[in-house]
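Open the model in a viewer and keep the selection panel at hand. The stops below are meant to be taken in order.

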Amino acid sequence: MRLIHLIVGARPNFMKMAPLYRELSLSSNRYEPQIIHTGQHYDEQMSKLFFNDLAMPEPSAYLNVGSGTQGKQTARIIERYEDLILAGDKPDLVIVAGDVNSTIACALVAKKLQIPVAHLEAGLRSYDEQMPEEINRVLTDRISDILLTPSLDANENLIKEGINPEKIHFVGNIMIDSLIRHQKKAELSDIFDKLTMSQDESYALVTLHRPSNVDECDGLKMLLTSLIEIGKHIKIIFPMHPRTKKNIQNFGLSNYVNSSKNIIFTEPLGYFDFLKLEMNAKLILTDSGGVQEESTYFRVPCLTLRENTERPITISEGTNQLVDLNVTSIVNKSLEITEGKVKQGKIPKHWDGKTAERVVMVLDKWFEERDKATDSTESTEK
Ligand code: UD1
Ligand code: UDP
């Protein structure tokens, strides 16, 4: 059996790895998948909750790295993951997902130990190097042996960067595998009761956590002011990321949070509760990568509060739009949507719940070809 490490660390990693863990486990003893949790996210609502919702087993190892500056957090993951591999069995493959610090850190460790790396969600580019994630994406793709892309624009980006096309495989969006698998359960969530509102009530759903939006007082104030303005027209539900919550407290902006009765701020929500809120929302305002994609799948209008997106397919095919970062634009665009001017969208190719299956097919073929190449090298040497 081939030992495969699946790296998780931050919230969006869990939805991406759960379907792959499942599919690899079903592979009639070809693969032994092990979940390695770096501990980049560690609060119950940012981590443990998802293991329960997504029916994932406890991680085989927990590296407990916690929070820190970009450099410190990345370095801690590198140090602890390398120690783990050196002390135990060397995996045959390491699979990393997305663009968080755990992704590049573990890819780097594996590569330097001569372990092949597969990158799930390869090839996405915002072309904005102010984003720590963009640096993680580019570097992870550069050193990965198997690049698994969610959409064809990602293939094009990789080709432009000179990556060998044989390494690139368009498998589709694995986050949508989780969404489809759990949609029925999500429909049964009692989140509206918990929020003491009725399912028929119109509301906008908001998430914000990008450093470019929440790490500067003025920018965060502008976004909260926009929400208060929108809240005069429609109820808002805002499950708050810990980074955002901490900054609101540090910048002394708690009065903004308390000033509108029409805005419900909550802790980060569980997966089923959050999906239910997404699928029933009139409008989603977000800076999250995953939420842009899920809103496209649900065909719910989404305004992305960023200057760019690494997921342009959610705009060209889906219901997503970028919005200029000022109060007037954010409020006007939101009200256009609540008043019925809604962008229609379609679901992109291979966002169909079968991405994990396609990934395992790619891996089967990759191992088969590698074994063949090794056999022929050995026989030539003899
Ligand atoms: C990280 C990812 C980002 C991803 C996001 C998903 C990087 C560079 N960033 O951003 O790409 O979109 O996760 O949610 O990898 N905190 C807690 N409890 C937790 C986790 C974090 O309180 O369980 C607080 C800490 O104060 C921490 C801050 O949130 O300093 C930021 O956490 P961090 O993991 O550094 O970055 P995110 O903003 O979560
Ligand atoms: N999500 C969740 N609860 C929340 C907010 C988001 O379950 O309160 C889910 C969401 O459905 C999606 C994922 O978290 O599957 C997106 O993660 P996040 O926005 O943290 O990261 P990003 O995608 O921006 O990297």
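Predicted model: local features only at pLDDT ≥ 70, side-chain atom pairs only at ≥ 80, totals over all residues.

Residues are numbered from 1 along each chain as its sequence is written, chains are lettered from A and ligands numbered from 1 in the order in which they are written, and side-chain values use heavy atoms, with hydrogens and water left out.

**Stop 1: ligand 1**

Select ligand 1 and the 21 residues around it, of which His41, Asn101, Glu133, His209 and Arg243 come nearest. A residue counts as near if one of its heavy atoms lies within 4 Å of the molecule.

Next, show the polar contacts, which are pairs of N or O atoms within 3.5 Å. Glutamate 133 places a polar side-chain atom 2.6 Å from an oxygen atom of the ligand. For glutamine 40, the distance from a polar side-chain atom to a ligand 1 oxygen is 2.9 Å. Lysine 246 has a side-chain N or O atom 3.1 Å from an oxygen of ligand 1. On its own, ligand 1 has 750 Å² of accessible area, and the protein covers 91% of it; accessible areas come from the Shrake-Rupley method with a 1.4 Å probe.

Now colour by secondary structure, where helices (H or I, at least four residues) and strands (E, at least two) are DSSP runs numbered from the N terminus. Helix 3 (70-87), helix 5 (132-143) and helix 11 (242-250) each give at least two residues to the shell around ligand 1. Helix 11 contributes the most, with 3 residues.

The domain bounds come from an automatic or database domain assignment.

**Stop 2: ligand 2**

Move to ligand 2, which has 18 residues around it; Arg210, Leu269, Ser288, Gly290 and Glu294 come nearest. Serine 288 has a polar side-chain atom 2.7 Å from an oxygen atom of ligand 2. At glycine 290 the backbone supplies the N or O atom, 2.7 Å from a ligand 2 oxygen. Arginine 11 has a side-chain N or O atom 2.8 Å from an oxygen of ligand 2. The protein covers 97% of the 540 Å² of accessible area that ligand 2 has on its own.

Select helix 1 (11-25), helix 13 (271-280) and helix 14 (289-298): each supplies at least two residues of the shell around ligand 2. Colouring by domain shows at least three shell residues from each of domain 1 and domain 2.

**Stop 3: two loop residues**

Most residues other than glycine have a negative phi. Select asparagine 64, in the loop between strand 3 (61-62) and helix 3. Asparagine 64 has a positive phi of about 55°, although it is not a glycine.

Finish at glutamine 114, in the loop between helix 4 (101-112) and strand 5 (117-120). Phi of glutamine 114 is also positive, near 65°.

Methods:
Polar contact = N/O pair within 3.5 Å; in protein donor to acceptor, adjacent residues only side chain to side chain.
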